[in-house]
Amino acid sequence: MNTTTLERITPFVNEPIKDFKNPTDAAAMEAALAAVKRTFGKAYPLIVNGEAIETEKKIRSIDPAHPSEVIGIVSSASRETAMRAIDVAAHTFESWRKTPADERASYLFKAAALLRERRFHYDALLVYEVGKSWVEADADMAEAIDFLEFYAREALRYAGPQPITPVAGERNEMVYIPLGVGAVIPPWNFACAIMVGMASAAIVTGNTVVLKPSSDSAVIAAWFVDLMHEVGLPKGVLNFIPGSGSEIGDPIVAHPKVRFISFTGSKETGLHINELAAKTAPGQKWIKRVVAEMGGKDSIVVAGDADVDAAVEAVAVSAFGFQGQKCSACSRAIVDASIYDAFVAKLVARVGMITVGDPADPKNYMGPVVNEAALKSISEYIEIGKKEGRLVAGGKRVGSEGFFLEPTVIADVDPAARISQEEIFGPVLAVIKARDYEHAMEIANNTEFGLTGSVYTTDEQKIERAREDFFVGNLYFNRKSTGALVGVHPFGGFNMSGTDSKAGGRDYLLLFLQAKSMSRKL
Ligand code: NAP
């Protein structure tokens, strides 16, 4: 990219989400679903140093709506191959770190353009591989495109001159340089967006990457790795090593040549990685940097003066969009006693309108949960919830083929109950009665997490109180707790929700960089 091209880079704007009421977009989506279905069962190799490697051991990525359908058969890296991929990444780092920032950014711009062209195919794959509705899938893709566009621009900003106080007799500068080899370990729930965001941020800042995707969404990661090579990313910069986290995760994290780990997933895995990464392996020359974005137990507080209808709508959408499998999903509605009964009645009516079924059919709002283990664990929480509160909606499995659950609401839950404290990561909402706003704030802060939260109120003083005391990384007023936009709502949580990396924010790329200060006597 030359200077003229750089000058033509427009300010970042968010990618719009498709309106599937538009018949052209709906028809394109139907065609993409049919086309992607024809690729089912395809084999996807590992990619190390740009070379495709087939292994005997495979990950079968299935459609959670029809578990007998195999979306793709992905080669699974052995420990040895994973170690080789790290060696390749370490070797490639020596050239990649010297590649100009504008060239690195150009690969992200080109990738964003190609993703836009192939948007409906990626949408369709998300519908099949993780059970997203059309709209949820498209929002995931819009976010992936946003991350590429935003981080490309951010990398150019960090590559530019940094402000330094002048001093007589010296020429001083501070530059940001990359760290080295990064292990990028994303979750399955924003199967494209988070995977793309974490990998592209590492690459564009001059690091090389071993990408270990979630075993539940390895095919979309394989598509993205192919696309990055298609736009010309040099071999060895992005190495693709799918495999079971419990088998190859530890050796990757512990490897002495891994300089940083960029992780998003559960609290348990994040804490384990953090602990392991803190141990120094023989031959290791640095303290590893760990960025760990973890779980949530997010609340919407509904004050006595709130617009109850608006609050009901926001709670329903935040709790049951993508089956409650967002880290930002509302899993607790904390409602002022004065409006509690009216709120619960309206919520039950609203939840009764939610359609559950195959997400390939756009009339269904909720699809399946991601896999059988999730179905089991969420069902166990529903049983616990039935004892801890009053089941007022849902509670049952839907059908027997896919992993479908009804949207479930449990009212009259004690703030200390397990379903009020533990991350369920499914379509289960606890409704908690608060004596007053003070009590509601107290309950809102009573978990070990601190990711998102929302408050419904018309009272400025209550808003001010929450601004000061509601301890979450992303706080919203009079809107849902989900749907953070890149650049607009930098995202990341406090406490056991992680390291507050603020993905999609101006500080994010610093996590992949270190600063070098240079001074020359004149
Ligand atoms: P997970 O089970 O912790 O897995 C996350 C990733 O870690 C997967 O790629 C997994 O691989 C890998 N992994 C498992 N064990 C490992 C080990 N010992 N070493 C290295 N990697 C290992 O989480 P998930 O079920 O995919 O995602 C859901 C969780 O993510 C929820 O808790 C949600 O709140 C959280 N989340 C947080 C944010 C945020 O921004 N804070 C955003 C999205 C999701 P395998 O798939 O092969 O096991």
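Predicted model: local features only at pLDDT ≥ 70, side-chain atom pairs only at ≥ 80, totals over all residues.

Residues are numbered from 1 along each chain as its sequence is written, and side-chain values use heavy atoms, with hydrogens and water left out.

**Aromatic pairs**

The structure holds 15 aromatic pairs (Phe, Tyr or Trp rings, the six-membered one for Trp, with centres within 6.5 Å; planes under 30 degrees apart are stacked, over 60 edge-to-face, the rest tilted). Select Phe-20 and Trp-134: their ring centres are 5.2 Å apart and their planes stand at 75 degrees, so the pair is edge-to-face. Phe-20 belongs to the loop between helix H1 (3-7) and helix H2 (23-37) and Trp-134 to helix H6 (residues 134-159), so the pair ties together parts 114 residues apart in sequence. Helices (H or I, at least four residues) and strands (E, at least two) are DSSP runs numbered from the N terminus. Both Phe-20 and Trp-134 are buried (under 20% relative accessible area; exposed is over 50% and partly exposed in between, with a 1.4 Å probe and protein chains only).

Next, select Phe-260 and Phe-512, whose ring centres lie 5.6 Å apart with planes at 85 degrees, so this pair is also edge-to-face. Phe-260 is in strand E10 and Phe-512 in the loop between strand E20 (474-477) and strand E21 (513-521), so parts 252 residues apart in sequence are tied together. Phe-260 has 2% relative accessibility and counts as buried; Phe-512 is buried at 1%.

**A lysine over two rings**

Select Lys-132. Its charged end sits over the ring of Phe-190, 4.0 Å from the centre (NZ of Lys or CZ of Arg within 6 Å of the ring centre and within 35 degrees of the ring normal). Lys-132 also lies over the face of Phe-322, at 4.5 Å from the ring centre.

**Helix H10**

Select residues 267-277; the buried residues of helix H10 are Lys-267, Gly-270, Ile-273, Leu-276 and Ala-277. They pack against strand E7 (181-185), helix H9 (245-254), strand E10 (258-264) and strand E11 (289-293), where contact means heavy atoms within 4.5 Å.
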